[in-house]
Amino acid sequence: MKTRHIAAAIGAAFALAAHAQDARIDRKVADLMKQMTVAEKVGQLHQLSGRQFTGPTSSAYADKLADIRAGKVGSMLNVTGVADTREIQALALQSRLKIPLLFSLDVIHGYKTVFPVPLGEAASWDMEAIELSAHIAAREAAAAGIHWTFAPMVDVARDPRWGRVMEGAGEDTYLGSQIAAARVHGFQGRKLGATDSVMATAKHFAAYGAAIAGRDYNAVDMSEQQLHEVYLPPFKAATDAGAATFMNSFNTLNGIPATGNAMLQRDILKGAWKYKGFVVSDWGSVREMVPHGYAADLSDAAVKAINAGSDMDMEGYAYTQHLEAAVKAGKVKMATLDDAVRRILYKKFELGLFDDPYRYSDAAREKAVLSDQSHRTAALDVAQKSIVLLKNENKLLPLPREAKRIAVIGPLADSQRDLEGGWVVQGERAKVVSIVEGIRSHAGKAEISYAQACAPGCASSEGFADAVATASKADVIVLAVGETWDMSGEAKSRTDITLPGQQEALFSALKATGKPVVVVMLAGRPLVFNTIADKADAIVYAWFPGSEGGNAVANVLFGDYNPSGKLPITFPRSVGQIPLSYAQYNTGRPVTDEKNVVYKSAYIDSVNTPRYAFGHGLSYTDFKYGGLTLSSPKLAGTQKATLSFDLSNSGKVEGTEIVQLYLRDMVSSVVRPVKELKGFQKVHLKPGETRRVSFTIDRDTLSFFNSQLKWGAEAGDFHLMVGSASDDIRLSAQLEYLR
Ligand code: GLC
């Protein structure tokens, strides 16, 4: 039997086994639901946050603990650890039908071992590294009694004023879709139910990242064509990757709150995409339909939410208080209630919780997994791959070994908390490696001096003189500046995304010493720092790099790791340019010459180009692109073409290049962006090595959603581009699609 026949047979066997499991669980769910009262069904849809439900504060929650015992709660969030999850699960098992609880938590970029914030990880463009990061986070969380994480956040975001840009994969639909799938696979493993994996959540459904003015929780208004073209694909990728759950978003979409939006949840997710998982609301988002002005009261909100496809009510108290009456009054069909309950019970069976409600709460495994030092090694690897070298004048970096005296300066140089970033749940802060600690441990014989200059946020310049004095005695200055960890994330929108406080003034004072200055920037979003961008000798963007951040930064600064990261989001020159994406439209008056912008789509006080472009990132070596071929300049129907080229490492050290494939559809029924990312590959080359790199171009590569929301390719000319960044195209070719 040929190999491919064997593979097909194995695939078929797996599919058969999965189908058999589905049928077995369906029967168990049906049998259980036959026994359930309406009140017990509603109980499954109620999710509570239980941060203080155990220990000395538990007495304040006696009523809620009683609800759990009475089977009125289906899931808890924010209860974590084997001891606490066992204690609370035991209460649920006192209920009449002994239906176990689901325990969920925001394990966004690590549980105990903290990995770079998601936007930082996205800068690695490394799907294996991103999947590994999610897997380790899941392994640690599952060992601590957690069944379900509220991640990955897959919101495309093109407005860095929005603080939650930190939690996602940046501005691009294609890159964001690849990362969504990698994170779902990382969290869930290849099959749900293993105790080193957790259920994932694709959130926030949908278009939350397009909040007007970048102000969190604000309304979202866009054409359905934009919704389908830019914002939905990462959610579809998460669905195809098997995401167990979805979370809807706080925002209205074209006037209707996502939580009550049947077009999103019923027509698209559960209809067109045939989604079998369940949807949890965001925190109180069912209840918030009242202030939105979409629901008259909590009862109306409950009816509108469940009828629109929101299966579980997180901390809204709408379902628990009003759903039973709504069903009895005929405002909610029993079939609607049953569908929500069925989806949730299915997952509880799939996780094996009915067989053993404590199977994720094993104290010995918790101890062993949470002390696994290999997780730190992985965190270092992912952090190094996430760092982006923005500038390196005269190849100042890597730091010359003969740099005898290095002054490490700045408000974030010795910080441990800031390196973790936001959404940290159980991180071991005391074991976070700070930047100055990392440099000290990597510097060999060099003499390391340190001055904080100002506190994080740098409100005062009082310490500048001392810092300048320290810096004046050094051969090279490393300045660690940026946002503090709490300046990005939920409810952290900023109208001004420049460096907080006096940090650019500090840079100028240090630069005035005449010593070379390397700037290490920490942030959860693109920042504006034009003085530093113009005058620093080198700039390294480290995002919030996590537990091993100081070691990752030091490895890059000393050249033990050759930086390979590329920006997953555009860095504007000013907040006035926002929203600014590489995937912009040409307009009828494109700027072709920055010196002649009269009556062009431009500003009178700024150029249109960004400070740093999507896909930008330097290396300590040089890469040459050449020898491009296209197997066929014309395509029809389902034919495929292969675009190939030679990539060479023409420098002196080995390095990794992320080659990017862009495309422009020159004429179409809906105008297309001047560039769209359609592929990328990470290629590692030794000095002098050349590799032939290939991309396949087919009808799907050329397709888009037209004005009738139909996905497809239109006949015409396409401009194919290959480059090192969206503004650094090295090779191009023309392709004609004949349809
Ligand atoms: C928050 C966030 C959401 C998070 C949830 C639970 O408000 O919007 O991303 O998962 O509540 O903490």
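## The salt bridge

Glutamate 40 pairs up with arginine 96 in a salt bridge, with 2.7 Å between the closest N and O atoms. The term covers a side-chain nitrogen of Lys or Arg within 4 Å of a carboxyl oxygen of Asp or Glu. Between domain 1 and domain 2 the count is one salt bridge.

A word on the model: it's predicted, so local features need pLDDT of at least 70 and side-chain atom pairs pLDDT 80 or more, while totals for chains, interfaces and linings use all residues. Numbering runs from 1 along each chain as its sequence is written, and side-chain values use heavy atoms, leaving out hydrogens and water.

## Where the domains sit

Domain 1 takes in 37-46 + 106-366, and domain 2 is 47-105; such bounds come from an automatic or database domain assignment. Their C-alpha centres are 21 Å apart.

On the domain 1 side, 37 residues are in contact with 29 residues of domain 2 (heavy atoms within 4.5 Å). About 2,700 Å² is buried between domain 1 and domain 2, with carbon and sulfur atoms giving 59%. That's accessible area (1.4 Å probe) that two parts lose on being put together, summed over both. In domain 1, Glu40, His46 and Tyr358 lose the most area to domain 2, together 22% of what that side buries.
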